[in-house]
Amino acid sequence: ADIRGLYVNGEAGKVPLDAVASVSTKWQPSLIRRVNNQRAISVGCQVMPDFLATSVSAEAEPLLRAFAAELPAGYNLEVRGEAYEAAKSSESIGGAMKISMLLIIFVLIVQYNSVLKPVIVLLSVPLAMIGALLGLYFSGWALGFMPMLGIVSLAGVVINNAIILIDFIEEGVAGGTPLRDAVARAGSARMKPIVLTTLTTVGGLLPLALFGGPMWAGMAYAM
């Protein structure tokens with residue numbers, strides 16, 4: 001029905017709407033979305049299979065910056081989505097890693113009653129990270145949330161191996177073996193278990209690296 005024929009209350013009684021107002025039809029948004037009390041329009045897309053959101057966002061970021069620079073005054077552009085959430089998660093993991101490293105250092109200092117030995121144990125972590133970063137580089141995966149989890153897991157394995165190796169060395173020194181010989185014997189004794197553990201880990205992660213897709217492949221290559 002035509003709303004022009006509607007009657008509205010006036011001082012002298014009911015009058016037609018058409019007599020007191022101009023009625024026209026215009027397109028308007030059915031829903032006004034606001035973010036931080038400001039009108040906002042969301043534009044989204046889905047990433048094709050075998051592509052990472054972080055890689056796509058990195059390529060699109062220069063174009064988005066150029067587009068944002070041309071916006072009129074009062075308009076701004078903010079990037080959200082999977083890449084944004086992954087960055088926030090990485091920051092959270094970074095904070096958790098700092099706390100965990102402090103706790104590990106504290107426990108090692110209490111266990112060994114020394115500062116030098118925990119430092120020796122922790123020096124094995126950067127060496128492991130070099131291998132993890134090289135694995136991500138040559139496999140083409142970005143350092144996202146799941147690869148960060150893989151690096152954290154790898155650091156735990158490396159620290160565990162370093163602690164056991166130092167225990168072997170201390171046992172040899174306590175038994176009267178010279179330090180240099182104790183280090184050589186501990187390395188020789190621990191070499192086979194570490195190699196076997198590494199090979200079994202690689203065998204278990206190989207299917208994830210080859211067929212895990214964007215969700216698991218990065219973590220597998222990092223470990």
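This is a predicted model: local features need pLDDT of at least 70, side-chain atom pairs count only at pLDDT 80 or more; totals for chains, interfaces and linings use all residues.
Residues are numbered from 1 along each chain as its sequence is written, and side-chain values use heavy atoms, with hydrogens and water left out.

When I say helix or strand, I mean DSSP runs numbered from the N terminus, with helices being H or I of at least four residues and strands being E of at least two. For accessibility, buried is under 20% relative accessible area, exposed is over 50%, and partly exposed is in between, with a 1.4 Å probe and protein chains only.

Let's begin with helix α3, residues 82-112. The expected span of a helix is 1.5 Å times one less than its number of residues. Which residues of α3 are buried? They are Ala83, Ala86, Ile93, Leu108 and Tyr112. The buried residues of α3 pack against α2 (53-69), α4 (116-122) and α6, where contact means heavy atoms within 4.5 Å. Just past the end of α3, asparagine 113 has a positive phi of about 55 degrees.

Now over to α6, residues 145-174. This helix has 30 residues and reaches 44 Å from first C-alpha to last, close to the 44 Å expected. Just after α6 there's glycine 176, with a positive phi of about 100 degrees. Threonine 177 sits in the loop between α6 and α7 (179-211). Is threonine 177 buried or exposed? At 16% relative accessibility, it counts as buried. Setting aside neighbours within four places in sequence, threonine 177 touches Gly172, Ala182 and Arg185.

On to salt bridges, meaning a side-chain nitrogen of Lys or Arg within 4 Å of a carboxyl oxygen of Asp or Glu. How many turn up in the whole structure? Two. In one of them, lysine 117 pairs with glutamate 170, and their closest N and O atoms are 2.2 Å apart. Lysine 117 is partly exposed at 27% relative accessible area, and glutamate 170 is partly exposed at 28%.

Then there's the salt bridge between arginine 65 and glutamate 61, at 2.6 Å, N to O. These two are separated by about one helical turn, because they are four residues apart in helix α2. Arginine 65 is exposed at 58% relative accessibility, while glutamate 61 is partly exposed at 36%.

Next, the surface of the model. Leu127, Ile130, Leu134, Tyr137 and Phe138 form a nonpolar patch with about 630 Å² of accessible area together. Patches are made of residues with over 30% relative accessible area and no salt bridge, joining like charges within 9 Å and nonpolar side chains (Val, Leu, Ile, Met, Phe, Trp, Tyr) within 5 Å. The areas come from the Shrake-Rupley method with a 1.4 Å probe, and for residues only the protein chains shown count as cover. Leucine 127 is in helix α5, residues 124-139, and is exposed at 60% relative accessible area.

Rings of Phe, Tyr and Trp (its six-membered ring) pair if their centres lie within 6.5 Å, and planes under 30 degrees apart are stacked, over 60 edge-to-face, and the rest tilted. That rule gives one aromatic pair. Tyrosine 137 and phenylalanine 138 have ring centres 5.3 Å apart and planes at 75 degrees, so the pair is edge-to-face. Both of those residues are exposed.

Last stop, the loop between β3 (34-35) and β4 (38-39), which holds asparagine 36 and also asparagine 37. Phi is positive in each, near 55 degrees for asparagine 36 and near 65 degrees for asparagine 37. Asparagine 36 is exposed at 68% relative accessibility, and asparagine 37 is exposed at 72%.

That's my tour, thanks.
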